[in-house]
Amino acid sequence: MPELSVVIVATDSEQRAVLQVLVDGTSVARTVHSSATFPMAGTDPVVRRVQSANPDVVLVDIGAENPTPAIRAIELLHQELPDCPVFAIGSMAQAQVIVNAMRAGAREFIERPTTTTDLLEAFVRLTAAQRKVHREGARGKVFTVVNAKGGSGATTVAVNLALALQSAHGNVALVDLAPLGHTALHLNLKPLFSVADAVRNLHRLDSSLLESFMTRHAEGLQLLAGTNAPAAIEPSTAEFARLFDMLVNHYRYVLVDASSRLDAATRLVCNLSETVLLVAHTDVASLWSAARVLQYLGETGGRERVRLLLNRFRKVPGFSEADAEAAAGAKLLWKIPNQYFAVSAAIDRGVPLMQQTHSEIARSFSGLASTLTQDDDNVKRTAWSLFKTV
Ligand SMILES: Nc1ncnc2c1ncn2[C@@H]1O[C@H](COP(=O)(O)OP(=O)(O)O)[C@@H](O)[C@H]1O
Ligand SMILES: [Mg+2]
């Protein structure tokens, strides 16, 4: 994904500063100019300054008090920069303002207060639409699994959850972003290609090329394998954004095993995720680490989508689930039983637990899969989708 140049037009100085931080925080866009005044006419110098910044997107902030000048600005900018999409930022509660912004030519209406994720998603949608690879209404959901510390069970969870989703819904991809990829071993697969190949070929990556980089498991799950040697050159976050844009256009669910990887790529992918599963154990060191990982991920937004998953769960006298949540700083989503023998044998044999019938632990993964997807049948549509032009 090429870096997008963004112009911000907002009369409220605080909002202008916030938007700039959020835009730059997406890692796929950069603020090239910001304006404190709305243009009043086509001849207004504000219009000239915006034009000379040569933006890919203009963001126009609509204040709650008096939306009219902002709507007028959208109309003018849309007229004067016909090839540049204008995104409106405003309150979803004001239906008439949304309609007026749409009529004035806004391409997207983004909820105010805005998050980096909202903007990132809008930017990714924009580039996807521009490449015309978007299939209407078919974008998949991303779930990312990270561990509080190595050995917590992230890979075990990612592999078995991917298989559970595959058997319930089909069309699932497992993407191995761990510093050293173990998912192929868990699945007893011998991949010919990996994430690195997909990234290296991004410039020509289409659905069929993407498919050719995937390794198919007997259950139908598609694996985009990880690295088998720590990489010398890491792809940029923009490259990851582009790759995930392709993946969600192609698969219904994309499961990511990030394991212990804590870098800008993991932050980006967590921001693109529906839910981030933070895998920890019920002990002080693990929960302390979970809080630190959450803090790191939260610095770029998206803290609210992180859920605690207690693996190898055991009841500790005098220590409640609420205590675990408080120590980690995240809400508990699920507990997975401790079954060391079954789990290690499954990994050693390359036959995941989900392929072994009716064990307690396999039921636990199926339950987790249905919890994560329970709202998916009645897809909620937000207001901006009314005027998506793709
Ligand atoms: N639910 C479980 N019960 C017992 N042992 C487990 C469980 N989940 C994982 N393990 C053990 O923990 C080890 C590390 O798991 P792994 O998924 O590789 O963790 P991570 O990816 O977080 O480093 C595995 O080799 C397995 O033996
Ligand atoms: Mg791992």
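Begin by selecting Arg312, which lies in strand β12, where strands (E, at least two residues) and helices (H or I, at least four) are DSSP runs numbered from the N terminus. Arg312 has a positive phi of about 50° although it is not a glycine, and with 21 C-beta neighbours inside 10 Å it counts as buried. Here a residue is buried if 20 or more other C-beta atoms, placed from the backbone, lie within 10 Å of its own, exposed if 12 or fewer, and partly exposed in between.

Before moving on, note that this is a predicted model, in which local features need pLDDT of at least 70 and side-chain atom pairs count only at pLDDT 80 or more, while totals for chains, interfaces and linings use all residues. Residues are numbered from 1 along each chain as its sequence is written, and chains are lettered from A and ligands numbered from 1 in the order in which they are written.

Next, select Ser259 in strand β10 (residues 253-259). Ser259 also is not a glycine, yet it has a positive phi of about 45°, and it is buried, with 28 other C-beta atoms within 10 Å. Most residues other than glycine have a negative phi, and most peptide bonds are trans. For a cis peptide bond, go to Arg112 and Pro113, which are joined with omega at about 0°; Pro113 is found in the loop between β5 (108-111) and α5 (116-130).

Now show ligand 1 with the 20 residues around it, of which Asn147, Gly153, Ala154, Thr155 and Thr156 come nearest; a residue is near if its C-beta atom, placed from the backbone, lies within 6 Å. The elements giving two or more residues to this shell are α6 (154-169), β12 (306-313) and α14 (340-349), and α14 supplies the largest share, 4 residues.

Then select Leu255, one of the residues that touch the most other members of the largest nonpolar core, a set of 117 residues. Such a core consists of buried Ala, Val, Leu, Ile, Met, Phe, Trp, Tyr and Cys residues joined through C-beta atoms within 7 Å. Helix α6 gives the most to this core, with 9 residues. Domain 1 (4-132) and domain 2 (141-372), with bounds from an automatic or database domain assignment, both contribute residues, so the core lies between them.

Finally, zoom out to the whole chain, which has 15 helices and 13 strands, and whose C-alpha atoms fill a box of roughly 75 × 50 × 40 Å along the principal axes. Of its 390 residues, 45% count as buried.
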